[in-house]
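Me: I would like to learn how to read this structure. Please take me through it one feature at a time.

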Protein chains: 2
Amino acid sequence: MKKSFGAKPIVHPTPTWVVCTYDADGKANGMTAAYGGICCGDPPCLTVSLRKATYSHGCIVSRKAYTVNVLSESHVAEVDYFGIASGRNEDKFAVSGLTPVRSELVDAPYIAEAPLVVECKLAHTFELGLHTQFVGEIVDVKADEQVLGDDGYPDMRKVKPIIYAPSCRAYLGIGSYLEPAYKVGKKLRD
Amino acid sequence: MKKSFGAKPIVHPTPTWVVCTYDADGKANGMTAAYGGICCGDPPCLTVSLRKATYSHGCIVSRKAYTVNVLSESHVAEVDYFGIASGRNEDKFAVSGLTPVRSELVDAPYIAEAPLVVECKLAHTFELGLHTQFVGEIVDVKADEQVLGDDGYPDMRKVKPIIYAPSCRAYLGIGSYLEPAYKVGKKLRD
């Protein structure tokens with residue numbers, strides 16, 4: 001028997017992506033967002049939804065660019081801080097000690113300490129209600145050499161992204177390898 | 001030093017949501033999608049992106065509804081199968097043994113075995129390129145009693161959702177509890 005929770009934005013899992021931008025003065029800023037995901041394969045696009053009240057919202061609208069920064073478990077306090085504070089009142093990079101790096105491809109900074117970084121130029125802006133959905137076309141994905149797997153691509157077990165659980169307001173880590181994709185399901189046909 | 005991967009739809013983490021619909025004949029169908037996320041808090045909305053070539057795409061367009069089903073690690077083979085097969089050629093529920101339940105709220109089925117289910121009515125359709133982004137307004141969230149935490153809400157450690165790693169084509173589980181949200185970051189200000 002399933003229990004109903006009504007119309008609530010609850011689903012598992014959601015990410016904790018630090019969305020970084022420059023403000024009007026060129027100050028690097030960032031905010032943690034759990035509302036987002038990949039939304040197109042070609043052109044590769046990634047979406048993040050921000051409330052209009054956030055400082056980052058105006059930065060994306062004016063700069064038409066942002067980066068998505070995937071920080072590791074070891075930076076869970078920094079990720080939480082970037083979701084609590086506002087760039088309107090605080091220099092989050094100065095407080096957190098994280099290092100902004102100017103992207104050479106889009107008008108936004110990325111975080112040096114983030115093992116996985118996605119640089120996006122704004123492609124679409126959709127007003128959905130409390131949140132504005134920004135669709136960013138992915139210009140480049142960058143990853144630290146230390147998090148690459150044997151195949152040369154970012155290995156999630158090394159990136160160790162932080163998962164946000166919206167229903168229990170907690171951060172969780174990535175667990176163990178379960179199965180290879182596009183393979184384990186084939187046995188059901190036998 | 002970060003290595004560039006170019007414009008690719010790679011970011012961590014992404015979900016493995018089984019998106020369920022009815023086809024024109026009323027047959028229950030579902031497909032696994034990694035491209036999606038929450039996209040608005042009020043009205044609560046959730047987005048999934050599907051290629052136009054998929055059978056589910058036409059079902060959402062005509063029925064204007066879908067459910068997102070979060071299956072547990074124990075169903076990783078079924079989740080993979082729902083991503084491999086097409087409802088155009090196979091009855092995925094019959095093959096997998098999963099049980100479709102007619103939603104009383106939207107014109108779509110959900111999966112009885114999924115501990116967490118989100119019922120959506122189609123609110124917006126955005127053509128982004130290879131993928132169509134369907135924004136669904138969340139009508140209800142349902143969860144099995146067994147996966148509720150002490151606060152009465154779905155606990156991700158009990159739901160045990162499957163995480164998909166797009167860069168390494170693998171499924172991973174949820175790991176350990178790291179920190180409470182909106183709390184651990186405050187210490188950085190001290």
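Me: How many helices and strands does chain A have?

Reply: Helices (H or I, at least four residues) and strands (E, at least two) are DSSP runs, numbered from the N terminus. Chain A has four helices and 13 strands. This is a predicted model, in which local features need pLDDT of at least 70 and side-chain atom pairs count only at pLDDT 80 or more, while totals for chains, interfaces and linings use all residues. Residues are numbered from 1 along each chain as its sequence is written, and chains are lettered from A in the order in which they are written.

Me: What does the radius of gyration say about chain A?

Reply: The radius is taken over C-alpha atoms, and the globule rule is 2.2 Å times the number of residues to the power 0.38. For the 190 residues of chain A the rule gives 16 Å and the radius is 17 Å, so chain A is as compact as a globular protein of that length. Its C-alpha trace spans about 60 × 45 × 35 Å along the principal axes.

Me: Which strands form the open sheet, and in what order?

Reply: Two strands pair if DSSP finds at least two bridges between them. The order here is E2(A)-E12(A)-E13(A)-E13(B)-E12(B)-E2(B), with antiparallel pairing. Strand E2 (14-15) of chain A and strand E2 (14-15) of chain B are at the edges with a single partner strand each, so one side of each has no neighbour in the sheet. Within chain B, three bridges join E12 (residues 163-165) to E13 (residues 170-180); Ile163(B) has Leu172(B) as its bridge partner.

Me: Is strand E11 of chain B enclosed or open?

Reply: A residue is buried if 20 or more other C-beta atoms, placed from the backbone, lie within 10 Å of its own. In E11 (residues 131-144) of chain B, twelve of the 14 residues are buried, so the strand is largely enclosed by the rest of the structure.

Me: Which residue of E11(B) stands opposite Lys3(A)?

Reply: That residue is Ala143(B). Three bridges join strand E1 (residues 2-4) of chain A to E11(B), running antiparallel.
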